[in-house]
Amino acid sequence: MSTALRCPFLSRIPVNQVKKTASQLMSYAERCPVMVHAMSYMNGPDMMTVTDEPLEKQCPFFAKEGLTVSDVKSHISSLKDVAPKTEKTAPTADMPVAKATAAEATVTAPKYPSGISVEKTLEKIKLWGKGAEEEMKVKVEEEVQEKEATEAQQPKLFDYEDFFGAQIDRKKSDHTYRVFKKVMRRGREFPYAEDHSTGKKRDITVWCSNDYLGMSWHPKVMNAVSEALKNHGAGAGGTRNISGNSPLHEGLEAEIASLHEKEAALVFTSCYVANDTSLCTLGQTIPGVHMFSDAGNHASLIQGIRNSRVPKHIFRHNDPLHLEELLRKVDSGTPKIVVFETVHSMTGDISPLSELCDVAHKYGALTFVDEVHAVGLYGDQGAGVGQRDGCMDKIDIISGTLGKAFGNVGGYIASTSRTVDMIRSYGSGFIFTTSLPPTTLAGARASIQVLRGEEGKHLREKHQSNVRYLRQNLIEAGIPAIHSPSHIIPIHVGDAALCTHLSAELMNKHDIYVQAINYPTVARGSERLRVAPTPHHTKAMMDYFVSSVIRVWSDNGLELSRERSVCPDECEVCNKPLGIQILQAEEKVCGRSNCTYASLQDIFFTDNRRAVAMA
């Protein structure tokens, strides 16, 4: 080893003294820059360079005592490898033997000529070591503080997983976290199905399906799907512009246009996409357009308006008077679009379609009407509320779905040829997505054709009959079924946790699947069970449903009362009272078409006529 790498102090201490104090010396070795340098030199092949700084400046002990290397070297010959001398005390006659023996064994520690003994030197090293230890602690603390300051100055990276976990926990804490049921429908035995949510198969009946008429398993629909699969394969092969267009697409669009008495139609992958794409495209292409949206509109309509980034005005739900008030404030020459639904899926309301369209056209606005929960179910051929009410011509752009009453999947719009062509040419949600597959196109067209015929009329009549029967039995049992003029029967609960619990009880104890509807689908405090009977639910099944709901209601301590109404005390528009006596009167409670409460009068009159006929 190079002499420069040896400690100028320890290397000159007698070996036996070093051995005696080895344990102490080792604890200070790592604090000595010379020894640290030596260890680095021995352990690393790339550390062969020795510092040129004088040894007396490298060694903390030399620096503190003011010693130099020459001071030590002058005494090397007297200290190096010399055994310690023993000074014997001459025994006297009166000295005890033990004491004399100890005196002979007394060792005088070697000293430097300067008078510094080895023990004293080691003690000083020890004291210096303590000081160095404190300095080291301070240095470490300073380094930590410096590191923390540096990290504080650097931008902190966003923790995505923590954020996502917190959002999920929020949903779970307010009981709005969705847990999907694992339900396999029995095609030819609908509404029977199998629940696999617990890992074990359970036979159940489904009461909340949007396959309102059971067309997904109609023999003609399944045959059309099967033939398309065998002849054309499972997929479309691309967008409509790139190998994804076929006579099946254009044939379905022609069928839809004919159904709604429009010049043209355009199919999309879903009605959410149809609404979003169409409204966004209209908003972005029509200069200065304003949109007027019903307060109860579906999320897809809201999203389309939001994406268009145009001025929007929200009118009270199903209120033509408030719509007119808002339209009047906008310049008559400004383009406008009024957007609303006919059947509202969670409340069962039906809009005053004709009145809303009349107000919109009075102020030069286009009407964009969502008939998603109406097509296939209302009207002579199943074209929706517009056909039933005789005002299809007042709807400028209609949107509908192939995935509910028509029993397939997909959405569409129908309007004038130029309107449809403009959306086809500019709508990114249509242009840049794979088109519907041949199986869906064939199945949807077959379903529309069935529902436009006599069989469709029969299914719609049976459907409405079952809806009336079930709603009336629920009300008579004291279950808070909300009155509505449509085929949807909401049962008011008003609490998210309770609503989820009631749904689970019906499934687990009675093999009935009816979905709990919580926020954000409905407002907080209006949580409900959404019931949608079909023409294929028998009276025995409906009676069992009612008795099961009564049992679950009672088991959970909930009130059963025919007198307790979950409807408002007065009409939201005309403010007329809605007592039983008013509803039984011949005078219409409200002048709006499709008024929920006026429709109740029709029910009372129908029931009274039936009672008179039976008497």
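This is a predicted model: local features need pLDDT of at least 70, side-chain atom pairs count only at pLDDT 80 or more; totals for chains, interfaces and linings use all residues.
Residues are numbered from 1 along each chain as its sequence is written. Local features need pLDDT of at least 70, side-chain atom pairs count only at pLDDT 80 or more, while totals for chains, interfaces and linings use all residues, and side-chain values use heavy atoms, without hydrogens and water.

**Exercise 1.** Find the residues that touch the most other members of the largest nonpolar core.

*Solution.* Start with the term: a nonpolar core is a set of buried Ala, Val, Leu, Ile, Met, Phe, Trp, Tyr and Cys residues joined through side-chain atoms within 4.5 Å. Buried means under 20% relative accessible area, exposed over 50%, partly exposed in between (1.4 Å probe, protein chains only). The largest core has 56 residues, and Ile256, Val338 and Leu402 touch the most other members. Helix α20 (residues 438-451) gives the most to this core: seven residues. Helices are DSSP runs (H or I, at least four residues), as are strands (E, at least two), numbered from the N terminus.

**Exercise 2.** Locate the cis peptide bond between phenylalanine 190 and proline 191.

*Solution.* Check omega: it is about 15° for this bond. Then place proline 191: it sits in the loop between β1 (183-185) and β2 (192-195).

**Exercise 3.** Is asparagine 318, with its positive phi, buried or exposed?

*Solution.* First, phi: asparagine 318 is not a glycine, yet its phi is about 55°. Next, the place: asparagine 318 lies in the loop between β6 (312-315) and α15 (320-328). Last, accessibility: asparagine 318 has 4% relative accessibility, so it counts as buried.
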